[in-house]
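Here are my notes on the model you sent over, as numbered points. Have the structure open while you read.

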Amino acid sequence: MSARHIAHLALVSVAARSSSDWGSRRTGARVAHPRRLTSDYASRSLAPSILGSYLMDSSNSNKDNIDLESSDDEISITEESGEEPNKIKWAVCKAFGLSYVVDGKYGTGNMRKHIKVCPKNNSRDVGQMLLGGSSGSGSLGVLSNKFGPTKLRELIVYAMIMYDLPFQFVEYEGVRSILQYLRLEVQLVSRHTIKSDCMKIHQKEKARVKSLLHAAPGRISITSDLWSFLISNGYMSLTTHFIDKNWKLQKRVLNFSYLSPPHTGITLSDAISSLLLEWDIQGKIFGITLDNASANDVSVEELRVDLNSKGLLVCQGNFFHLRCCAHILNLIVQDSLKEIESSIEKIRESVKYIKGSQVRRQKFLECVRLISMGGKRGLRQDVATRWNSTYLMLDSALFYRRVFQHLALVDSNYKKCPSSEE
């Protein structure tokens, strides 16, 4: 049974009880509007149903009606003529708390009107509620109709940064078609606008990292390294390491940018000093970790002299320069690998030969299938300055040593095959 039928039966039963006092009047007769209505029913619900109906009849006995005089809630109804108060039926919405006159023949007209406009009544489609539900919560949600163009642009910018997309991504015809299909009134932006938004986000994140560095209770250690590209372009990075106020080790990359040549010690020192000044952490530096290149020794000495002259280092900078342990270990291993340098060179050239052509790669895979070794492992090519990559290359070459020998038999151009002893 619906809430409308329940309210209708309740009103009919109440009207039957009070028919002796109402006389020959019609049950739903229209009455004058009250001049004064004082009620706090709007903040509480007084009926078990969604729309609880209440009859205010001062002439009925206390057995059949609510005693308004003794209750905490009071509703006073007075006619404009000042005569005896009329007997008026009132209903209170349990969901919203609004009280209204029960009018009409059956007393459901105003109730039906209120249901249509009640702010607490949710008449949305069930499918829409399912679409608005949050995944994994186990409850139904309501799909929001609010659309913010600013929020959309922010989401697009974060996605482009996350997946390293070009600024021209927003000008792709397919992307614009998708956005307009989802929302006709979406505001399409150009790559220049997206670039400006990216720079704003960069400035916001930079300010957040800067405040995090300033809030660190202790000193900050920094590490730096320099990479050279194939066409001799140099790039420098600067990373900070510190313990925050919650005693958790934090690491933040402050810079990764192009460094113009020449890459001398003075150039490196000036670049690092300008970055420390830009991030305003000159007075919080404890030490710097670099590799053992000669240019780094010069740059560290320049930084030590500059910071010591301002009294910013601990113990006059005696612990300022820390050697990179990974680089020291790499130098030790590289020195020991010189004992088998000829064998390593043959394996390195063999891997380059196989990976240098798709035809030679196919020949190598055919040899793998003939020997029944399985080709899922793959060959690894090393970087001469990193001993761990050389180890991975030797490990994969040792696994395919029989394949290399078989390839030398079927491919006359393959000249760098290692011997069985090697």
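1. Start with Tyr172, which has 38% relative accessibility and so counts as partly exposed. Bear in mind throughout that this is a predicted model. Phe169 also counts as partly exposed, because its relative accessibility is 24%, and the cut-off for buried is under 20%.

2. Now look at how these two rings meet. The centres of the Phe169 and Tyr172 rings lie 5.8 Å apart with the planes at 75°, so this is an edge-to-face pair; the angle has to be over 60 degrees for that label.

3. Phe364 sits in helix α12 (residues 358-371) and Phe404 in helix α14 (residues 401-410), so the pair links parts of the chain 40 residues apart. Are these two residues buried or exposed? Phe364 and Phe404 are both buried.

4. On aromatics in general, the count comes to 8 pairs. There is also a cluster: Trp227, Tyr235, Phe256 and Tyr258 are joined to one another through ring pairs.

5. Next, the largest pocket. The space in it is about 830 Å³. Its lining has 31 residues, and the ones closest to the centre are Asp225, Leu226, Asp291, His327 and Arg386.

6. Helix α10 has the largest share, with 6 residues.

7. Finally, the overall picture. The protein has 14 helices and 8 strands. Of its 422 residues, 31% are buried. The accessible surface is about 27,400 Å², and carbon and sulfur atoms account for 55% of that.

8. One more number on the fold: among contacts with a separation of 6 or more, 60% are between residues 24 or more positions apart. The Phe364 and Phe404 pair, 40 residues apart, is one to keep on screen when you think about links between distant parts of the chain.

Notes
Residues numbered from 1 in each chain as written. Predicted model: local features only at pLDDT ≥ 70, side-chain atom pairs only at ≥ 80, totals over all residues. Heavy atoms only, no water. Helix = DSSP H or I, 4+ residues; strand = E, 2+ residues; numbered from the N terminus. Buried < 20%, exposed > 50% of the residue type's maximum accessible area, 1.4 Å probe, protein only. Contact = heavy atoms within 4.5 Å. Areas by Shrake-Rupley, 256 points an atom, 1.4 Å probe, with all protein chains shown as cover. 1 Å grid on protein atoms, 1.4 Å probe; cavity = no way out; pocket = protein on both sides within 12 Å on 5 of 7 lines; lining within 4 Å. Points joined across faces, edges and corners; volume = space filled by probe spheres on them. Phe/Tyr/Trp six-rings, centres within 6.5 Å; stacked < 30°, edge-to-face > 60°.
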